[in-house]
Amino acid sequence: MSEKSRFSGCPATGIGSMPGGDAREAAKTVTGSFADGQGMPYLAELPARGPGADMTGRTIGMLVEMFGHVEPSGWRISDRPGRDTRRARSWLGEDLDALEEFTQGYEGLVKVQAVGPWTLAAELELRGGEAMLGDQGACRDLAGSLAEGLRGHLAEVRRRVPGAEVVLQLDEPSLTTVLLGRVRSASGYRTYPAVDRQVVEAGLREVLAVNGEAPTVVHSCAPEVPFALLRRAGADAVSFDFSLLTEREEETIGEAVEAGTQLFLGVVPGIDAASDGLSDPGGSVMGVRTLWSRLGLNPGTLAESVVVTPSCGLAGASPAYARAALAHCARAARSLADNPE
């Protein structure tokens with residue numbers, strides 16, 4: 001176990017997306033929910049605004065010397081920046097303005113999110129309509145473009161929030177399907193071949209490395225998260241939906257924790273729960289305590305090993321529920337720290 005968590009003082013955070021289309025309201029919520037050391041504020045995504053505000057479109061807007069536009073089937077590569085790319089960049093600028101406004105004088109961790117290279121390769125189409133995933137050379141170019149774009153994006157966030165240590169989160173919900181050869185072609189009649197694990201690891205390492213010595217996270221709300229691969233690729237933390245964890249993955253989780261990897265555990269529903277769903281912070285993390293006990297881990301390490309989050313993004317929630325869910329994450333994290341057993 002590392003002597004000190006890379007995420008000390010930030011026991012809770014959100015995944016990325018928020019409901020609605022008001023950048024200032026979203027920034028106010030994500031900064032206010034985690035004020036006074038209760039958690040880690042982040043650059044909110046507002047996909048309800050439309051193409052370009054979704055996580056894929058936002059990330060395509062960050063690419064260097066690579067552009068995209070929207071087709072009925074999704075995002076497709078372009079020769080030049082068009083309306084969709086310009087819209088993505090404009091909305092990102094609005095979101096950065098709002099974050100800057102509500103983090104005046106802030107010092108501490110701030111998280112930004114982007115789609116990782118393999119989910120992006122599975123979703124971004126070549127000119128013929130097939131996914132970039134089917135072209136190894138295109139995948140290498142995409143990872144390089146993403147790395148360069150993120151380098152500039154991270155520098156811009158640091159300029160706007162000079163007191164921040166910026167955490168980079170890569171969203172990789174399609175990573176497991178890429179590794180297992182389950183990504184379907186445009187026709188739907190076939191799947192793309194599985195990508196070699198070493199190639200996947202190298203691509204992730206290249207992109208994660210752009211954050212230098214600052215902390216990195218890889219998030220997936222899909223089943224079968226490849227924890228060991230992500231650790232080898234250089235991720236300081238792995239973010240996942242705790243309800244999807246299976247018994248056969250528990251040993252890998254224990255190994256990751258003992259090696260110093262932090263866990264961002266999605267234990268709070270990402271959509272409006274029943275009226276009493278957010279009434280018991282301690283109950284929300286009961287399963288985490290049980291897992292620690294089952295793995296024989298020291299309960300005293302919970303606070304330094306775990307960051308409490310919603311199970312996935314909050315774009316599908318009501319604004320009131322999103323605010324309540326983030327506040328509940330902070331309360332659940334306090335419960336875990338105060339009563340680890």
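These legends go with an overview and two close-ups of a predicted model.

View 1. Helices here are DSSP runs of H or I with at least four residues, strands are E runs of at least two, and both are numbered from the N terminus. Of the 341 residues, 55% are buried, meaning under 20% relative accessible area with a 1.4 Å probe, protein chains only.

**View 2. F7 against F264, an edge-to-face aromatic pair.** The ring centres sit 5.0 Å apart, with 80 degrees between the planes; rings of Phe, Tyr and Trp (its six-membered ring) pair if their centres lie within 6.5 Å, and edge-to-face means planes over 60 degrees apart. F7 comes from the segment before α1 (23-32) and F264 from strand β7 (residues 262-268), 257 residues apart. F7 is buried at 3% relative accessibility, and F264 is buried at 1%.

**View 3. F227 against F240, also edge-to-face.** Here too it's 5.0 Å centre to centre and 80 degrees between planes. F227 lies in helix α8 (residues 227-233) and F240 in strand β6 (residues 237-241), so the pair ties together parts 13 residues apart in sequence. Both F227 and F240 are buried.

**Notes.** Residues are numbered from 1 along each chain as its sequence is written, and side-chain values use heavy atoms, leaving out hydrogens and water. Local features need pLDDT of at least 70 and side-chain atom pairs 80 or more, while totals for chains, interfaces and linings use all residues.

Methods. Buried means under 20% relative accessible area, exposed over 50%, partly exposed in between (1.4 Å probe, protein chains only). Rings of Phe, Tyr and Trp (its six-membered ring) pair if their centres lie within 6.5 Å; planes under 30 degrees apart count as stacked, over 60 as edge-to-face and the rest as tilted.
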